[in-house]
Amino acid sequence: MEGTNVWDAEWEVNEEQARTLIGRQFPQLSSKQVKRLGWGWDNTVFLIGDEYVFRFPRRTIAVGSIRMEGKLLPQLEAYMTIPYPKPLFYGEARDEYPAPFLGYAYVPGDFPIGLTEERRALSAETLAKFLRRLHEFPVQAALKCGVQEDHRNLTDIASRKVKLEGFLSKLVEHLSPEESGVIEAYISRLQTDRVEAVNALLHGDLHFKNMLVNENGIISGIIDWGDLSVGHPACDVSVAYSFLPPYARGVFFETYGGADEETKLLARLIAVYIPILILMQAVDDGNEAIAAEAKSNIMRALSD
């Protein structure tokens, strides 16, 4: 049904429109091929030639984050230990398209779908170093660029738990009895209502659809920074649970440093929560590969 999902677009951009909008504002790119790469909840993404990626907002809510990315992403360069898309082209809203849009350097790689546990473990240190540096970025400098502060109320575990129960009831026919059982048992064991607030600059949406790996399966890029925000570092640290096998978490936390029990508790919850949202969308889209990967993320997050 149209307009019933949080990820539905308010307007769409096709390849033809993207080519026209880019060509008018950046004539130096007009001879390059334009190919739709995909879309997220907030943006439609196009590959321009083989060196640039353009993101066009699909919803009003995404416009502020495109503006904020344009300001903040260039400032992150000194903190980045993994390639990321740096903005190079700043597109303006025009009569034919209601929003600003951004062009970035293309970061090559594949999504980490269906990787073995051994391959995943190889990225433990890489991910931990990346997050340690990102979380050291000065919060005040980020806020000056218009980053939102804990807009998702990350530390409120009680309300997230209620939402999780609601999601689970919708997904029950798409999960095996074993999968449902493991998730239900985890939810009922979760007795903490809230954790102490901690503020760091977050990627804010760190999961397998926003991570890239090279031919050896090692993390080689972090993309889609539209959820940059200030809040609890557990939001990003969740990859230690959703992405890494249990035996690689020790190395991760040793390298990352300073993750207390509350951070780990919240990180595990978010490592279940985000893939459940991805699973719901994958079921809606009929995308079996993404659904299977989301399930494996949830089960990994809940194994010790």
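**Aromatic pairs and their surroundings**

In this predicted model, Phe26 has a relative accessibility of 10% and therefore counts as buried, the cut-off being under 20%. Phe89 likewise counts as buried, at 10% relative accessibility.

A search of the whole structure finds 18 aromatic pairs. In one of them, the ring centres of Phe26 and Phe89 lie 5.2 Å apart while their planes meet at 65°, and because an angle over 60 degrees counts as edge-to-face, the pair is given that class. This pair links distant parts of the chain, since Phe26 belongs to the loop between helix H1 (15–25) and strand E1 (34–39), whereas Phe89 belongs to strand E4 (residues 87–91), 63 residues apart. Both residues are also members of one aromatic cluster, which is formed by Phe26, Phe46, Tyr52, Phe54, Phe56, Phe89, Tyr97 and Phe101.

Elsewhere, Tyr241 and Phe253 form a tilted aromatic pair, with 6.1 Å from centre to centre and 50° between the planes. Tyr241 is located in helix H9 (residues 239–242) and Phe253 in helix H10 (residues 249–256), so this pair ties together parts that are twelve residues apart in sequence. Tyr241 is buried, having a relative accessible area of 5%, and Phe253, at 13% relative accessibility, counts as buried too.

Aromatic rings also meet charged side chains in this model: the charged end of Arg120 sits over the ring of Phe243, at 5.0 Å from the ring centre, and the charged end of Arg160 sits over the ring of Tyr273, at 4.5 Å from the centre of that ring.

Key:
Residues are numbered from 1 along each chain as its sequence is written. This is a predicted model: local features need pLDDT of at least 70, side-chain atom pairs count only at pLDDT 80 or more; totals for chains, interfaces and linings use all residues. Side-chain values use heavy atoms; hydrogens and water are left out. Rings of Phe, Tyr and Trp (its six-membered ring) pair if their centres lie within 6.5 Å; planes under 30 degrees apart count as stacked, over 60 as edge-to-face and the rest as tilted. Helices (H or I, at least four residues) and strands (E, at least two) are DSSP runs, numbered from the N terminus. Buried means under 20% relative accessible area, exposed over 50%, partly exposed in between (1.4 Å probe, protein chains only). A charge sits over a ring if NZ of Lys or CZ of Arg is within 6 Å of the ring centre and within 35 degrees of the ring normal.
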